[in-house]
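Please look over the structure first.

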Amino acid sequence: MKKLSALLLALTLFCSAFAQTRINFSGTITTANDSPIAGATVSLLNTNYAAITNGQGAFSFKNVPAGKYTLHVSNVAYAAINQSITVSTQSASTNIKLTEASRRLDEVVVTAQKSEEAAQQIPASISTLSAKQVQEYKVWNLKDITAIVPNLYTASPGDDRNVTSIRGVATTSYDPAVATYIDGVNQFTLDTYIPQLFDVERVEVLRGPQGSLYGRNAMGGVINVITKQPTNQTSGFAEVNFGSYGQKRISLGIRTPLVQDKLYLGVAGLYNGFDGFYNNQFNNTKLDKQHSFMGNYYLKYLATQNFNLTLNVKNYANRNNGPFALSGSPGDALATPFQVSQNAVTKMIDNIFNASLSASYTGKDFNFTSSTAYQQNYRYYTVPIDGDFSPIDGVSVINNYGPGFNKVKVTTQEFRFSSPASATNIRWTAGLYGFYRYAPTKTGTHFGEDGEMVGAPFPNFSTINTNIEHNYGTAVFGQVVFVLDPKWDLTAGLRYDYEHKKEEVKGEFQMDGDAPVVTQNDTSSTASFKAFTPKLSLAYHVSEASNLYAAYSRGFRAGGISQLGADPSSPPLFAYKPEYSNNFEVGSKNLFFDNKLRVNASLFYISINNAQVPTLVLPQAIVLTRNAGKLRSKGAELELAATVLKGLDISYNFGYTHARYTDLKVPSNGAVVNLNGNHQVYTPDVTSMLALQYGYSLGRGTKLVARGEWKYLGKQYFDLANNIEQKAYSTFNARLGVTTKRLDVFVWGTNLSNKNYIDYAYDFGASHLGNPRMYGVTVRTNF
């Protein structure tokens with residue numbers, strides 16, 4: 001009887017959400033001189049109401065609940081704006097005027113706090129890249145946002161697994177310090193991470209710990225990637241890029257309604273390939289020739305105006321003939337750029353599959369979202385890969401032990417409730433999150449004929465390490481924004497995470513041609529971790545165009561269990577603690593001259609305790625993590641964007657970070673090394689990006705566009721001992737072309753001064769260079 005009563009109560013509450021005043025709301029979008037604008041996208045934030053204006057610039061929404069909303073209007077030729085509106089029987093229509101994009105900056109909307117909001121109103125440091133800016137900066141891979149976002153650095157050794165640092169919070173392990181989300185789904189670790197970008201609506205980067213809403217691994221911040229969604233209007237694109245070193249990048253996509261106002265489809269694909277930068281002198285071939293395909297498939301069903309289901313599927317297939325194109329030392333890398341000599345060459349097979357199903361309900365009293373996701377990655381080398389990065393037959397690494405190993409699987413589920421779109425004085429978000437991860441890895445380290453030259457007691461044998469991880473966790477979170485009065489906002493958030501890990505290990509020894517012998521019997525260990533991550537911020541709205549804020553937040557990176565390796569000071573199945581950070585920040589966000597100038601600035605201080613320090617153990621190529629000390633990071637950031645004259649845009653992003661370990665003791669081959677005072681790795685002390693673009697109208701919607709970029713990165717280190725250093729350097733990019741309503745044609749060049757610099761290095765010295773000078777041409781059509 002109690003269950004029946006509860007069910008009836010739930011149905012009554014659900015039905016009451018529909019028993020409210022609903023109004024047909026309409027409007028027109030025009031220019032300043034009242035000319036209608038067709039093809040503008042109009043949406044009510046945090047609802048399913050969206051429309052495209054017709055030839056008369058008109059749009060309409062049916063059965064809108066009465067209340068206050070934010071209306072967002074955008075069009076490629078005009079600056080996007082946010083407009084506060086009230087939907088009532090006395091106000092059922094509106095007229096909004098847009099300004100040409102060449103005369104005003106866009107008003108940006110982000111989902112950084114898991115609801116749609118104006119970026120300038122959020123009391124936190126957020127950088128955004130619109131679809132247009134992604135094209136202009138030529139951001140093809142997530143690592144291309146280095147320095148475009150202040151105090152952000154990201155790079156990879158060539159295998160497309162990017163190590164990302166924000167504000168000095170970094171790691172070189174596969175458990176990242178910066179969380180990446182694509183279409184609302186956490187790319188859980190670097191195993192299931194997709195780095196390629198295309199068909200992007202926008203990229204949002206939240207700097208600083210985001211524990212209360214995002215939880216684990218958001219220590220340094222969060223990168224949100226949102227791809228374009230289909231609407232009632234059929235649209236699409238096709239783009240072809242050809243460049244130096246055999247670069248070919250071809251993408252195309254279409255978005256269309258299958259049933260008007262009900263069922264929508266989006267399909268997009270990307271092929272990317274190039275002949276490689278590195279020459280392998282051992283056999284006089286290109287080492288890092290590769291090609292990949294990525295697909296994005298999107299199906300949305302709008303059951304009612306208040307409820308929709310969305311299925312999103314992504315796949316990424318990468319074939320890389322030189323995943324670790326590394327010179328043996330930084331000196332070798334710079335002395336003979338892009339020349340290596342490796343005797344063991346292989347092909348990396350990398351297959352990633354990600355799928356998510358989300359259900360969204362928007363109502364009078366609350367909004368609800370359910371997101372279910374599954375991720376899988378199977379990655380292996382077809383034959384052993386060179387482990388000593390030299391022509392000798394010393395060390396090679398084997399991981400092709402069949403599909404039962406090195407196939408990582410992750411399932412996540414999030415239920416989220418939030419205040420309705422019409423909420424004013426109190427806005428809230430609350431939810432539950434859970435995940436399960438299974439990661440069976442098996443790696444063999446083979447010592448060949450020259451094994452004794454790299455420290456082996458004798459040649460021609462392998463050590464085989466099996467590490468199987470079972471990992472699950474749950475979390476409950478909430479955040480509330482209190483509008484104290486029109487000038488003051490207070491935000492408070494709290495999250496509780498529980499995580500359980502089980503690690504199984506097995507060690508084997510195998511002479512070439514013989515059966516393996518067990519050296520470490522099957523054994524396992526478990527560990528559990530708990531964390532509270534609060535957040536508190538206070539915002540003062542000086543005016544609609546000027547905001548000040550102060551914020552505190554806590555970050556959390558889960559602990560774990562060490563893998564089986566060879567370092568006697570790092571035994572297997574050793575549990576290391578979670579890493580915690582406390583972040584203090586003050587900032588100012590400002591718009592001047594009727595949105596012609598945007599100036600955002602912030603100061604931050606981060607204190608990290610129980611710092612997790614991953615150490616690569618050779619020759620087994622196993623990463624062992626220990627809690628090794630304390631890190632302190634402090635710095636400043638500036639973001640400036642301006643439309644100086646009609647058609648002339650300037651943007652400048654600057655970051656300064658001073659990140660040092662106040663306590664750092666690292667185990668090394670049975671001893672402990674004291675590295676107190678050393679700099680954090682993968683953290684340039686300065687990041688600076690200046691971009692200037694001028695568009696000159698040729699009439700009839702045709703424009704000549706010229707663009708130049710100057711990127712400066714300060715000194716940084718790649719190992720905790722601070723022996724591997726890259727001094728400050730600059731690179732220059734340029735782009736010139738013609739754009740019309742339907743067709744863009746550009747020629748471009750990157751790293752025009754052909755600067756050689758270390759982009760990534762392991763702590764034992766193997767180094768990878770940043771890309772050399774490249775030229776290319778881009779042809780794109782939109783329909």
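In β4, F61 is the bridge partner of F25. The model shown is predicted.

**Sheet with β1**
- Three strands form an open sheet in the order β4-β1-β7. The pairing is mixed.
- β4 (58-65) and β7 (93-97) are the edge strands. Each of them pairs on one side only.
- On average, neighbouring strands of this sheet are turned by 20 degrees against each other, direction ignored.
- Strand β1 covers residues 22-30. β1 and β4 pair in the antiparallel sense, over six bridges.

**Sheet with β20**
- Another open sheet of three strands runs in the order β21-β20-β24. Its pairing is mixed.
- Here the edge strands are β21 (285-286) and β24 (339-340), and each pairs on one side only.
- β20 (residues 279-280) pairs with β21 in the antiparallel sense over two bridges.
- K286 in β21 stands opposite N279.

**Cavities**
- The whole structure holds 13 cavities of 30 Å³ or more.
- The largest cavity contains about 1000 Å³ of space.
- This largest cavity is lined by 50 residues. Closest to its centre are K138, N141, K143, D144 and N771.
- Strand β46 (residues 729-739) gives the largest share of that lining, with five residues.
- The lining of the largest cavity divides into 22 polar, 16 nonpolar and twelve charged residues.

Conventions: Residues numbered from 1 in each chain as written. Predicted model: local features only at pLDDT ≥ 70, side-chain atom pairs only at ≥ 80, totals over all residues. Heavy atoms only, no water. Pairing = 2+ DSSP bridges. Helix = DSSP H or I, 4+ residues; strand = E, 2+ residues; numbered from the N terminus. Axes fitted to C-alpha atoms, helices over the stretch in contact; angles between N-to-C directions. 1 Å grid on protein atoms, 1.4 Å probe; cavity = no way out; pocket = protein on both sides within 12 Å on 5 of 7 lines; lining within 4 Å. Points joined across faces, edges and corners; volume = space filled by probe spheres on them. Nonpolar A, V, L, I, M, F, W, Y, C, P; charged D, E, K, R; others polar.
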